[in-house]
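Morning, everyone. Let me put the structure up.

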Amino acid sequence: NTESILYKVPHNFPLKKPRDSSTYARDVNLISSISLSGEAMSQITIEANTTDLELHNTTYIELADLQRDETYQIKVCWSAIHQISINNLQTITIPRFTEFQGTKSDYARILVTFQVLSDSYPSEHAMVPIQVSLITTRLGIPVDIYPTLIVMVLLVAGLVVTRAPHVLNDLLLKF
Amino acid sequence: MIVGLTLYFVLFRSIQYLLVFLTPIRQFDTSTSLLLNELCSSPFEINSYWNKYFWNKLLSWDSVFFIKNITSKNGKPQFEHEYAFSQLWTFFVRLFIKSNNDSIYHALRVGVAIENVLFYLSGIVLYFLTKKIFSQNIRQSQFARTIAKKTSLLFFLTSAAGFLTSIYSEPLSFFFAFVGIWSRECSISVPVLGQFDIPWRYWFPYSFISMTCFTLASLNRSNCVLLGIYFIFDLIELTKNRKFVKAICFPLLSGSLMFSALLYQQYYLPYKTFCPQRGEWCKSQLFSSIFITKTSLYSYIQSHYWGVGLLKYWTPNNIPNFLFAVPNIIILIYSSIYFSKIYPSYNLKALVWITRALVVIVCFFAHVQILNRIASFLPLHLWYLADRLVKTSDPKKMENPKGDDKIVKFYIYWLAFWIPLQTILFAAFLPPA
């Protein structure tokens, strides 16, 4: 199953410079992150606890190494063998020097956040693996779909060139 | 004939499986790797060449539920919503899986093999069913053979496309539906001059074979419950002709048995399994001491987990899904008009009712694009297409088709694009589902 959103980084967003910034962790609640350093897409797998349905069970993932004015797709995938629902999938911005979930940084952070709720009967009490992908978009299309689109375009071209619909029609007429 | 059909079946399936192989490994929905990690113990097996480039791609959409049930320890669903996926199909596939081999890839390969065998056999049964329907006298037998060949070939070119490359339960229903319709057709006397009748000697093929096949098809895929309309139609016809004893012993008995089986599956078993502790749908009991609830488990699952219900799918974001279904909506509606108004055929009357009911139900209550996947259990639109193809067998006429022939040509052209494209979409885990 998939839930996704698009996020455009504002043109004036104060992105961090890799060398001169740091995050300070006050306790063990470090926030996971996905980094797009030199990549068009990146993915992490997290485990969400469906046992605890309290709001503090919200998942936060930092999106790192983004570019200004770029649009990204944030995609959350989980296997349908776990009947869960992903709610309130959104991005939030944490100003610099602001404490958040026991962490503080000297740069403004962009986080994706969502809640995982068990939606099955009987309720599933388990750690459900969830994949979160951060994907650059080009021409409004996430780049991970491009290989499939290319195959489909080539296929359509092949069907047109070989006049496949016509051939199929003739086959059915003569068979 | 059989050889020709077999060769084309193998050719079409080979092309589809080649397309699955050529589809890029990275799927839109990346969860297959999560599924495999949970169900399969060996990363080496998951990443072996053929699994990576071929078999893993077949575990998209509903295949996930089927593979989970097939490979589970007892073959039973773990959660309530999993009851929406055929337990009959799970049971059937498990019969063919060696008990000492617990690899999910073994289960997948066996499931895919059974899927293909059932799909092929359904096409062959459809050939004989079509021949039976369209050859009411000797003069028509050549016509019937031609139309039967084209019908089976069209069936192999089903718009269900990529879904049937995997382990979906549809082919099991196709097979039972066609055998059931065939058995009924062999049993009834069509009133060319006389009255509708079912001779007593056909009690077994009608009341046992047809009834069993329709029941199994419905237990497997709930949309096949519409096949019960055959029994309602026959009941009305026999009653109209004052053949009351036959009406009781043939359609009423068969329909009642089919209804009882569905009642058992949809109401009694779920109630026994989940109620009263489940609450929700359990609370909608009609009478306090009886297991019958206002909402069946299947309806509840469809509504609660997948938002199925009257006009619930009619939202702007689903316009693309309606567009995907348009070719089949048109062809199903036209076929019902064709065989009721243009070339009215008495022995297709019940099937016309069933086809119309399916279109109405799917358009107003269900996720409309599933029509592409499920419509093939009814052969009416295939007969319409085949009939038009026989009547305009001159390819020159089809260069500039008119009226019905234009619709037929567009539908075939659409199939030529839809089948390979949908196969790739399925292998890439991309919508529509």
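Keep in mind that this is a predicted model. I'll begin with one residue, B:Phe208. B:Phe208 counts as partly exposed, because its relative accessibility is 40%. B:Phe204 is partly exposed too, with a relative accessible area of 45%. Both sit in helix H10 of chain B, residues 203–220. They are four residues apart there, so about one helical turn separates them.

Now the disulfides. How many turn up over all chains? A search of the whole structure finds one. The partners are B:Cys275 and B:Cys282, with sulfur atoms 1.9 Å apart. The torsion about that S-S bond is about -80°, so the disulfide is left-handed. Both cysteines are buried.

A:Cys77 is buried, at 0% relative accessibility. B:Cys40 is buried as well, at 6%.

On to the rings. The count is 60 aromatic pairs over all chains. Take B:Phe134 and B:Trp383: edge-to-face, 5.7 Å centre to centre, 80° between the planes. B:Phe134 lies in helix H7 of chain B and B:Trp383 in helix H17 of chain B, so the pair ties together parts 249 residues apart in sequence. Both residues are buried.

There is also an aromatic cluster in chain B, whose members include B:Phe65, B:Tyr168 and B:Trp306.

Last, charges over rings. The charged end of B:Arg109 sits over the ring of B:Trp55, 5.8 Å from its centre.

Technical notes:
Residues numbered from 1 in each chain as written. Chains lettered and ligands numbered in written order. Predicted model: local features only at pLDDT ≥ 70, side-chain atom pairs only at ≥ 80, totals over all residues. Heavy atoms only, no water. Disulfide = S-S within 2.5 Å. Buried < 20%, exposed > 50% of the residue type's maximum accessible area, 1.4 Å probe, protein only. Phe/Tyr/Trp six-rings, centres within 6.5 Å; stacked < 30°, edge-to-face > 60°. Helix = DSSP H or I, 4+ residues; strand = E, 2+ residues; numbered from the N terminus. Lys NZ or Arg CZ within 6 Å of the ring centre and 35° of its normal.
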